[in-house]
Amino acid sequence: NVCSSLFQVVHTHKPHFMALHCQEFGGKNYEASMSHVDKFVKELLSSDAMKDYNRARVYLDENYKSQEHFTALGSFYFLHESLKNIYQFDFKAKKYKKVTGKEIYSDTLESTPMLEKEKFPQDYFPECKWSRKGFIRTRWCITDCAFDLVNIHLFHDASNLIAWETSPSVYSGIRHKALGYVLDRIIDQRFEKVSYFVFGDFNFRLDAKAVVETLCAKATMQTIRAADTNEVVKLIFRESDNDRKVMLQLEKKLFDYFNQDVFRDNNGTALLEFDRELSVFKDRLYELDISFPPSYPYSEDSSQGKQYMNTRCPAWCDRILMSHSAKELILKVSTD
């Protein structure tokens, strides 16, 4: 249960300002699932665990009928009663407004001046006819400290086989373009520059070619092609000896490696060297050390919650990134 897990974190850490960024809100089947979203929001806002948070802002992009605007993003902000002066930025009026009470905005966020929301242009990822990828940005000020919080969802890998072909992959390039667009947008000339945190599902993947070459260093590769088109549809990597045991099977939506422990042992640290997508932004973005195993793709079967699905190579998709001034803010707070 998402709520009980969240309440446990709240109980343990007792945050004064809490931001919760969600992507793919309502799941894949929006029309059937949006009623569950409303129930989830009501449970969050009215629960005993959250009673000390007397102000809240909830922004849900539920407008799934709008192909042009729908991002399926949800941004929740909870403010503890002990925090006195908190202001949120109005992007249209270009001024801060004091935050009081609890407010929920959903359906159409386009008319809400308290945030900026954009869906990436269709030509960024033409393979997906109706991509929901984009970002929501809000700006806050607590005791004269201003910062942006950006909820982001970047593009996935459409095919394991295509991701494996080149290093870095074509999908990695698409994600760089989209993330660069967001970073340029939040520091452009329209508003004063402030520290920023960007967090959500970046869909960052390990360098597929390098990972496969490392995992299957002693293997031989068999290529299987479609009879009609001669297109590669499957790669099978077998051990050279040991009865030619299959180590890895790779298809468009299959990444079946024989030993999942390599992704979990020591939090998958051995694979961090292949996590390279952020290196392009090393001058603009900072990240605290990763001390958890790859966050994707966990099984959707709750009885196998610690298993990865064999659809994709496990990777650290879910991240919290920050500007260098935001990093200084964090370090200053932790030392003070």
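Four strands form an open sheet in the order β11-β12-β13-β14, with antiparallel pairing. β11 (219-225) and β14 (254-257) are the edge strands, each pairing on one side only. From one strand to the next, the twist averages 15°. This is a predicted model: local features need pLDDT of at least 70, side-chain atom pairs count only at pLDDT 80 or more, and totals for chains, interfaces and linings use all residues. Residues are numbered from 1 along each chain as its sequence is written, and side-chain values use heavy atoms, with hydrogens and water left out.

**The antiparallel sheet**

- Strands pair here if DSSP finds at least two bridges between them.
- Helices (H or I, at least four residues) and strands (E, at least two) are DSSP runs, numbered from the N terminus.
- Strand β13 (residues 246-251) and β14 run antiparallel and are joined by four bridges.
- Tyrosine 257 in β14 stands opposite leucine 248.
- Helix α5 (residues 208-215) lies across β12 (232-239), β13 and β14. The helix runs at about 25° to β14.
- Angles run from 0 to 180 degrees between N-to-C directions, with axes fitted as lines to C-alpha atoms, for helices over the stretch in contact.

**The mixed sheet**

- Another open sheet has four strands in the order β1-β3-β2-β6, and its pairing is mixed.
- Its edge strands, β1 (17-22) and β6 (102-105), each pair on one side only.
- Neighbouring strands of this sheet are turned against each other by 10° on average, direction ignored.
- Strand β2 (residues 53-60) and strand β3 (residues 74-80) run antiparallel, with seven bridges between them.
- Tyrosine 59 has serine 75, in β3, as its bridge partner.
- In general, strands of a sheet pair through backbone hydrogen bonds, either parallel or antiparallel.

**Glutamate 118**

- Strand β7 (residues 116-119) holds glutamate 118.
- The side chain of glutamate 118 makes a polar contact of 2.5 Å with that of tyrosine 181.
- A polar contact of 2.5 Å also joins the side chains of glutamate 118 and arginine 185.
- A polar contact is a pair of N or O atoms within 3.5 Å; within protein, one must be able to donate a hydrogen and the other to accept it, and residues adjacent in sequence count only if both atoms are side-chain atoms.
- Neighbours within four places in sequence aside, glutamate 118 is in contact (heavy atoms within 4.5 Å) with Thr71, Gly134, Phe135, Tyr181 and Arg185.

**Second largest pocket**

- The second largest pocket has a volume of about 260 Å³.
- On a 1 Å grid over the protein atoms alone, a pocket is an open set of points with protein on both sides within 12 Å along at least five of seven lines; a cavity is a set where a 1.4 Å probe fits but cannot get out; lining residues have an atom within 4 Å of a point.
- Grid points are joined across faces, edges and corners, and a volume is the space filled by probe spheres set on the points.
- This pocket is lined by 21 residues, and Ser169, Arg205, Leu206, Asp207 and Ala208 lie nearest its centre.
- α3 (160-165) and α4 (170-186) each supply at least two lining residues. The largest share, three residues, comes from α4.

**Largest cavity**

- The whole structure has one cavity of 30 Å³ or more.
- The largest cavity holds about 40 Å³ of space.
- Its lining consists of Lys119, Phe120, Pro121, Gln122, Phe125, Ser131, Lys133 and Phe155.
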